[in-house]
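Below is a walk through one protein model, from its overall make-up to a few selected places. Keep the sequence and the 3D view at hand while reading.

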Amino acid sequence: MERNTKIIAIANQKGGVGKTTTVVNLAAALSARHRTVLVVDLDPQAHATLGLGLEKRQGVSLYPVLTGEKAIADVIQPTKWPNLNVIPSEVDLAGAELEFGMREDRLEMIRSALAPVKESGAFDYIILDCPPSLGVVMTSSLVASDGVLIPIQAEFLAMDGLALITGSIERIRRSVNPDLELNGIVFTMVNSVARLTQDVVAEVRNHFGEKVYESMIPRNVRVSEAPSMGVPVVFLDPRSKGAESYKAFAWEFMAKNPTRFSALKAPAETVQESEAPTPAEAEPPAAEPIAEPATETAAAAAETTTA
Ligand SMILES: Nc1ncnc2c1ncn2[C@@H]1O[C@H](COP(=O)(O)OP(=O)(O)O)[C@@H](O)[C@H]1O
Ligand SMILES: [Mg+2]
């Protein structure tokens, strides 16, 4: 079976819309479904790092890889959970906007940094947690990605915010990365009884059609409590509304974005309609350990990188 690694940037120039929460819980839910995942925390606030139970450590981030001081394999960290790995963030990344802004290869820098890991096929998904700005790091993340997932809140002017980021996606598609897709839009912190919510959701669905995920994430207190414990809510309280909705979302995401292909591959369209995984997606093959140790994944990436 081949594994075709997908790099997905989770981006929105606005802060506090649920990007990091979506990164952490999508990654966790995918890993529980036997997908191997690498989260790359590109926000100097390092909330994804902390939310996955890791600490910030100087020199352990994408930063030294971007400066050429370290190989990427040396900064991939396992988490407590199988299949779930992270490249943490650290304060050094805060200077990246200024420091790398003049670099000639600034648009390509993250793509080049991630290339050995993508080519190794060690991961199904590489999920990038972008900082909340349309700066160099976010742009370079979009250049590196196969798709962009936009978490948004159903609030006043949501469409304006969407226009900004989809404009960026379009510009990058026309210039450096013609393969970049709008992976989708997911509503977060939804209060489904509010009239405004219903109107905004209807407007966005009307405009973006099937790009909008069916699953919506409700506002849920367990979701907001989980980060302080360093455990994704899908693991901390799997029966909570927040966790259930992130799991449903991850299932939808996985069906829309298959990474494993076999001779019996079913067309992606059929998968979407039925919301069922392809035979190749449903269960990992017997030969593959169900819980692939995170360290092995990192080691596999290391081999490819140093080879
Ligand atoms: N579904 C949710 N229910 C309740 N609180 C949430 C939910 N999603 C996110 N939050 C909280 O909202 C705040 C912003 O979320 P975060 O994911 O950090 O946004 P971003 O990364 O876009 O800045 C955090 O305190 C987070 O815990
Ligand atoms: Mg964030």
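**From the whole chain to single residues**

The protein has 14 helices and nine strands. The model is a predicted one. Of its 307 residues, 45% count as buried. Among the contacts in the protein with a separation of 6 or more, 76% are between residues 24 or more positions apart.

Strand β2 (residues 6-10) is joined to β7 by three bridges, and the two run parallel. Within this pairing, Ile8 has Gly147 of β7 as its bridge partner. Strand β8 (residues 181-188) is also joined to β7, here by seven bridges, and these two strands again run parallel. Pro151 has its bridge partner in β8, namely Val186. Between β7 and β8 the chain passes through α7, and this β-α-β crossover is right-handed.

Two packed helices are described by the angle between their axes and the distance between the axes. Helix α7 (residues 158-174) packs with helix α8 (residues 195-208) at an angle of about 35°, and their axes are 10 Å apart. On the α7 side, the contact is made by Ala158, Met159 and Leu162. On the α8 side, Val200, Glu203 and Val204 take part. Sorted by class, this contact has five nonpolar residues, no polar ones and one charged residue.

Next comes the ligand. Which residues are the closest to ligand 1? They are Lys19, Thr20, Thr21, Val223 and Ser224, out of 18 residues that surround ligand 1. Helix α1 (19-32) and helix α9 (221-229) each supply at least two residues of this shell. By class, the shell around ligand 1 has six nonpolar, 10 polar and two charged residues.

Thr79 lies in the loop between β4 (77-78) and β5 (84-87). Is Thr79 buried or exposed? A residue counts as buried if 20 or more other C-beta atoms lie within 10 Å of its own. Thr79 has 22 other C-beta atoms within 10 Å, and therefore it is buried. Leu54 is 25 residues from Thr79 along the chain, and the C-alpha atoms of the two are separated by 7.2 Å.

Definitions and conventions. Residues are numbered from 1 along each chain as its sequence is written. Chains are lettered from A and ligands numbered from 1 in the order in which they are written. This is a predicted model: local features need pLDDT of at least 70, side-chain atom pairs count only at pLDDT 80 or more; totals for chains, interfaces and linings use all residues. Helices (H or I, at least four residues) and strands (E, at least two) are DSSP runs, numbered from the N terminus. A residue is buried if 20 or more other C-beta atoms lie within 10 Å of its own, exposed if 12 or fewer, and partly exposed in between; C-beta atoms are placed from the backbone. Two residues are in contact if their C-beta atoms, placed from the backbone, lie within 7 Å. Axes are lines fitted to C-alpha atoms, for helices over the stretch in contact, and angles run from 0 to 180 degrees between N-to-C directions. Ala, Val, Leu, Ile, Met, Phe, Trp, Tyr, Cys and Pro count as nonpolar, Asp, Glu, Lys and Arg as charged, and the others, Gly among them, as polar. A residue is near a molecule or strand if its C-beta atom, placed from the backbone, lies within 6 Å of it. Two strands pair if DSSP finds at least two bridges between them. A crossover is right-handed if, with the strands pointing away from the viewer, the path from the first strand over the helix to the second runs clockwise.
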